[in-house]
Amino acid sequence: MGGTPADPYLPGHGNAGYRTTHYDLDLEYRTGSGRLSGRAKISATADRTLTEFSLDLGMFRVDRVLVDGAAASYSHRAGKLRVRPTTPLPAGTPFTVTVRYAGVPRPIPSRWGDLGWERLNDGALVASQPTGAPSWFPCNDHPADKATYRIAVTTQSRYAVIANGTLVSHEAGANTTTWVYEQLAPMSSYLATVQIGRYRPIDLAVGPVPQRAAVPPRLFAAAQHDLGRQPEMMTAFECVFGPYPFAEYAVVVVDEALEVPVEAHGLSMFGSNHVDGRRGSERLVAHELAHQWFGNSLTVADWRHIWLNEGFAKYAEWLWSELSGGEPARAHAVRSRAMVSALRQDLRLADPGARRIFDDRVYQRGALALHALREVVGDGPFFTLLREWTQVHRHGTVTTEAFTALAQRHTSRPLDGLFAAWLYEPALPPS
């Protein structure tokens, strides 16, 4: 087949035969009508001879498709844009596909709710994990297909736009403003995002890793306090996880309640309910920041390995508590174990099943597995392992097997039994 293998949990998302290298998105959004007009130019390389290829795209009207600048025939139904170039694309050939499309973005229905572009009372947000990216642009929606991005958004000048990467231009016209962001580190489609709202900026930290926030004016003071220790958190995490993997980090607080915060590439989104002026959600600030290493720089090769995202981010909550003078990770692990032991023992951490990838047991058992590994190998080898893990796979894709193999190289003690019990057996291992 060539290209990225189909995800065993989400075989309908992602497309074989090619790999993307760059997305150039020019978008115009009208907040009043909720209408989005887009031009997406996608650079890719064929992995085999392609007489036809497909992209994931939601319910838009497609006006035109070009392949290497020439008009191509296409069909669009059931979430797939199928493109037939005028001549076949030989294996190994770089090519571009340009799609012009328009419509009112609709979130992608899933077993986890509606995902992707969401119209707010006064703006818009995008939270796509795991299948919402086609709600706003054509893409190869597979976590292992990573590319660089340029995202340009034009909207009414009273709104701020925040997207992945570095803001490279900000041009105001008579009534609208165009914001252009560039993300030069390879990014999975589900981690691409656009946030539109009446936000006030906060500079949380300047170099070496600039940290900024965009918040509703009414929450400015509370957010400034609640995010006040994030720069210390960044420093602490760089010590235990290795250098921060991107050029900068942004936080957006939307002026509506969200069930949970959501990470994107170099950016995290929180709801107004996560800001209380008392740092009541600081563990979630740590969780989302940790995802920049675990999930965003190191992205799962497929969704079976989701514990490598969520277990590591959960354990980062415990580490932040320990490193900032709070309870040690051991105390969090004791409480977590008590909680998990009271639940059904029918989840295999390394292969939880599609409907359970966001089950709280993936988070808790993942963190417990890491703590068990830390206790067996000791702090020195454990944290050396974490830093090597993030460095070796920086901006790449990862699997459970790759992690366990690397862990074994950091100790002379056999780890097969520990990993078998924690990752592959449904019963909680004995304490």
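Helices (H or I, at least four residues) and strands (E, at least two) are taken here as DSSP runs, numbered from the N terminus. The structure is a predicted model, in which local features need pLDDT of at least 70 and side-chain atom pairs count only at pLDDT 80 or more, whereas totals for chains, interfaces and linings use all residues. Residues are numbered from 1 along each chain as its sequence is written, and side-chain values use heavy atoms, with hydrogens and water left out.

The protein chain contains nine helices and 22 strands, and its C-alpha trace spans about 65 × 50 × 40 Å along the principal axes. The radius of gyration, taken over C-alpha atoms, is compared with a globule rule of 2.2 Å times the number of residues to the power 0.38; because a compact globule of 431 residues would have a value near 22 Å, the 22 Å of the protein chain agrees with that expectation. Contact denotes heavy atoms within 4.5 Å, and among contacts between residues at least 6 apart in sequence, 69% join residues at least 24 apart.

Relative accessible area divides residues into buried (under 20%), exposed (over 50%) and partly exposed (in between), with a 1.4 Å probe and protein chains only. On this scale, buried residues make up 58% of the 431 residues in the protein chain. Accessible areas come from the Shrake-Rupley method with a 1.4 Å probe, and for residues only the protein chains shown count as cover; the protein chain exposes about 17000 Å², of which carbon and sulfur atoms supply 51%.

In soluble globular proteins, nonpolar side chains tend to be buried together. A nonpolar core is defined as a set of buried Ala, Val, Leu, Ile, Met, Phe, Trp, Tyr and Cys residues joined through side-chain atoms within 4.5 Å. The largest such core holds 140 residues, of which Trp136, Phe137, Val194, Phe237, Phe241 and Phe403 touch the most other members. When neighbours within four places in sequence are left aside, the contacts of Phe241 include Ala290, Trp293, Phe294, Leu386 and Arg387.

Most residues other than glycine have a negative phi, and most peptide bonds are trans. The peptide bond from Gln129 to Pro130, however, is cis, with omega near -5 degrees, and Gln129 is found in the loop between β10 (123–127) and β11 (146–156). Gln129 counts as buried at 12% relative accessibility, and, with neighbours within four places in sequence left aside, its contacts include Leu115, Tyr190, Glu263, Trp303 and Phe358. A cis peptide bond also joins Gly207 and Pro208, with omega about 5 degrees; Pro208 is located in the loop between β16 (200–205) and β17.

Positive phi values in residues other than glycine occur at Ala78, where phi is near 55 degrees, and at Arg279, where phi is likewise near 55 degrees.

Arg218 lies in the loop between β17 (211–215) and α1 (220–226) and is exposed, with a relative accessible area of 59%. Apart from residues up to four places away in sequence, Arg218 touches Asp255 and Ser272; the C-alpha atoms of Arg218 and Asp255, which are 37 residues apart along the chain, are separated by 9.0 Å.
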